[in-house]
Amino acid sequence: MAKLYFKYGAMGSSKTAQALITKYNYEENDLNVWLVKPSADTRDGEQLLRSRIGLEAVCEVIGPETDVYTRFWQTQLGKCDVIIVDECQFMTGAQIDQLRAIVNDFNIPVMCFGLRTDFQTRLFPGSLRLMEIADTIQEIKTICDCGAKATVNARIDGDGHIITEGAQVVLGGNDSYIAMCHRCYVNGIREHKVIKLHNH
């Protein structure tokens, strides 16, 4: 039986690279992959998924108003063996339910890669729904600069301080976010520390 997978990690845990490697592995076995990303992720331009280590692939961009089940039915039915979704935290709860229905109705595995929580340590809507209904939930681990496991996606301002207020979605990479353990995150806020980003 096919499953709905949620593979989550903090920023910099190679989620996109793992999504693209998974795609490659399926295709190497002559299986067809429907690679999808939400339209909220515009960093690499339309219809391109790119990892920090340079892997990339063309994908379909799904807007928040798109019914993923209907889109699958219209364009992928009979052609697709697996669905891979990157940046799944930006999917709506309804879209996660639609992916769940594809797994149930067509026995197609769906692998979702993304963040669990935002810069305020709150679940994204897509991630929340996946935590509730995914068959398999797997953490992709990365480490804080102190060596502990990183679980927080800290947003950093131009002066190097941790931002604690603002919009949930602000796109950025190593220029504005860093993965931290919860202890370093709390201490960084409490002590108003200057945090060194990895691209500087």
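Helices (H or I, at least four residues) and strands (E, at least two) are DSSP runs, numbered from the N terminus. On this basis the protein chain has 5 helices and 11 strands. The radius of gyration, taken over C-alpha atoms, is compared here with a globule rule of 2.2 Å times the number of residues to the power 0.38. The protein chain has a radius of gyration of 17 Å, close to the 16 Å that the rule gives for 200 residues, so it is as compact as a globular protein of that length. The C-alpha trace spans about 55 × 30 × 30 Å along its principal axes.

The model is predicted: local features need pLDDT of at least 70, side-chain atom pairs count only at pLDDT 80 or more, and totals for chains, interfaces and linings use all residues. Residues are numbered from 1 along each chain as its sequence is written, and side-chain values use heavy atoms, with hydrogens and water left out. The predictor's confidence in each residue is its pLDDT, on a scale from 0 to 100. The protein chain averages a pLDDT of 89, and 93% of the residues score at least 70. Where pLDDT is low, the predicted coordinates should not be read in detail.

Accessible areas come from the Shrake-Rupley method with a 1.4 Å probe; for residues, only the protein chains shown count as cover. The protein chain exposes about 9,900 Å², and carbon and sulfur atoms supply 49% of it. A residue is buried under 20% relative accessible area, exposed over 50%, and partly exposed in between (1.4 Å probe, protein chains only). Buried residues make up 46% of the 200 residues. A contact means heavy atoms within 4.5 Å. Among contacts between residues at least 6 apart in sequence, 73% join residues at least 24 apart.

Helix α1 (residues 15–28) was examined next. The expected span of a helix is 1.5 Å times one less than its number of residues. For the 14 residues of α1 this gives 20 Å, and the end C-alpha atoms are 20 Å apart, which agrees. Buried residues in α1 are Lys15, Thr16, Ala17, Ala19, Leu20, Thr22 and Lys23. Their cover includes β1 (4–8), β2 (33–38), β3, β4 (56–58), β6 (82–86) and β7 (110–114). Just after α1, Asp30 takes a positive phi of about 60 degrees.

A salt bridge is a side-chain nitrogen of Lys or Arg within 4 Å of a carboxyl oxygen of Asp or Glu. The whole structure holds 7 salt bridges. One of them joins Asp97 and Arg129, with the closest N and O atoms 2.7 Å apart. Asp97 lies in helix α3 and Arg129 in helix α4 (residues 125–133), so the pair ties together parts that are 32 residues apart in sequence. Asp97 is partly exposed at 31% relative accessible area, and Arg129 is partly exposed at 25%. Asp97, Arg129 and Glu132 are linked in a network of salt bridges.

Helix α3 also carries Arg100. Arg100 forms a salt bridge with Asp135, the closest N and O atoms being 3.0 Å apart. Asp135 sits in the loop between α4 and β8 (136–139), and the two residues are 35 apart. Arg100 is buried, at 16%, whereas Asp135 is partly exposed, at 40%.

Glu139 pairs with Lys149 in a salt bridge, with the closest N and O atoms 2.9 Å apart. Glu139 lies in strand β8 and Lys149 in the loop between β8 and β9 (152–156), so parts 10 residues apart in sequence are tied together. Glu139 is partly exposed at 22% relative accessibility; Lys149 is partly exposed at 40%.
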